[in-house]
Amino acid sequence: MEEIEKVVEAAEVQPSEEKQLSRSARAGAAIKEWFRKFTVKLKHRPMNIAFFVLIVSAIVYLCSLGNYSQSALKYQVVDWLGLSIFVNTLFCILSLLLFMNSFPKRSKKPKVVMLILFFLFIAAMITFDVLFYVRAGNAYNNDLSNPDWDPAIKAEVQSYMLPALNSAIAHIVLIGLGAILTATYPLYGKLLNKINTKKVIESTELKEVIETEDE
């Protein structure tokens, strides 16, 4: 009797284990299929990698506008700070529009005029970022060197000046990387084309297809 009960218990456990295995296998296959389709899309439009980096750079800059604005208000006597913030806020949005117009979906070749304007906007943003970093940084360092500076005011200024300066560096790096990826997309596009994205049909799936066709 005990042996019969063990056999029954094993028979009851096996289906559940098979279901769990089949679920995990299906989940793994679904993830693998998603990556395959994603790679296929990148093969057709490799410049989307550069576009993603540019979107991240715009988000980083726009999320730091509060720190930039407080820095400009603190050092109003310093020239070009307000203009740098205004131009970069405007250009980080317009550069995305220029990028999309440079690579229309139904065209295999980029629009040269839009692409030139895009790189000009990138160069302008980097210039104004450097200008903000140098001028605001110098003004901030001058205040730090003042021994009579109130510690409470110093802590308050540090709370927005340091994030603003770090954000300027991050923005320069990201838009520079986006520009490099935009200029070199034909090169890494060729590398993406070497990735095998052909869907392998297993024998069981092939058998099911044949059986359904015969019916």
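## Meeting isoleucine 122

Leaving aside its neighbours within four places in sequence, which residues is isoleucine 122 in contact with? In this predicted model, the partners are Leu54, Ile175 and Ala179.

As a general rule, nonpolar side chains tend to be buried together in soluble globular proteins.

## A closer look at helix H2

Let's start with length. At 1.5 Å a residue, the 16 residues of H2 should span 22 Å, and this agrees with its end C-alpha atoms, which are 22 Å apart.

Now look at its sides. The buried residues in H2 are Ala50, Phe51, Val53, Leu54, Ser57, Ala58 and Tyr61. Seen down the helix axis, the buried residues of H2 fall within an arc of 160°, so they line one face of the helix. They pack against helix H3 (65-74), H4, H5, H6 and H7. On the face of H2 turned away from this buried side, you will find the exposed residues Phe52 and Cys63.

## A buried serine

Finally, visit serine 167 in helix H6. Is serine 167 buried or exposed? Its relative accessible area is 6%, which is under the 20% cut-off, so serine 167 counts as buried. Leaving aside neighbours within four places in sequence, serine 167 is in contact with Val60, Ser64 and Tyr68.

Technical notes
Residues are numbered from 1 along each chain as its sequence is written. This is a predicted model: local features need pLDDT of at least 70, side-chain atom pairs count only at pLDDT 80 or more; totals for chains, interfaces and linings use all residues. Side-chain values use heavy atoms; hydrogens and water are left out. Contact means heavy atoms within 4.5 Å. Helices (H or I, at least four residues) and strands (E, at least two) are DSSP runs, numbered from the N terminus. Buried means under 20% relative accessible area, exposed over 50%, partly exposed in between (1.4 Å probe, protein chains only). The expected span of a helix is 1.5 Å times one less than its number of residues. The arc is that of the directions from the helix axis to the C-beta atoms.
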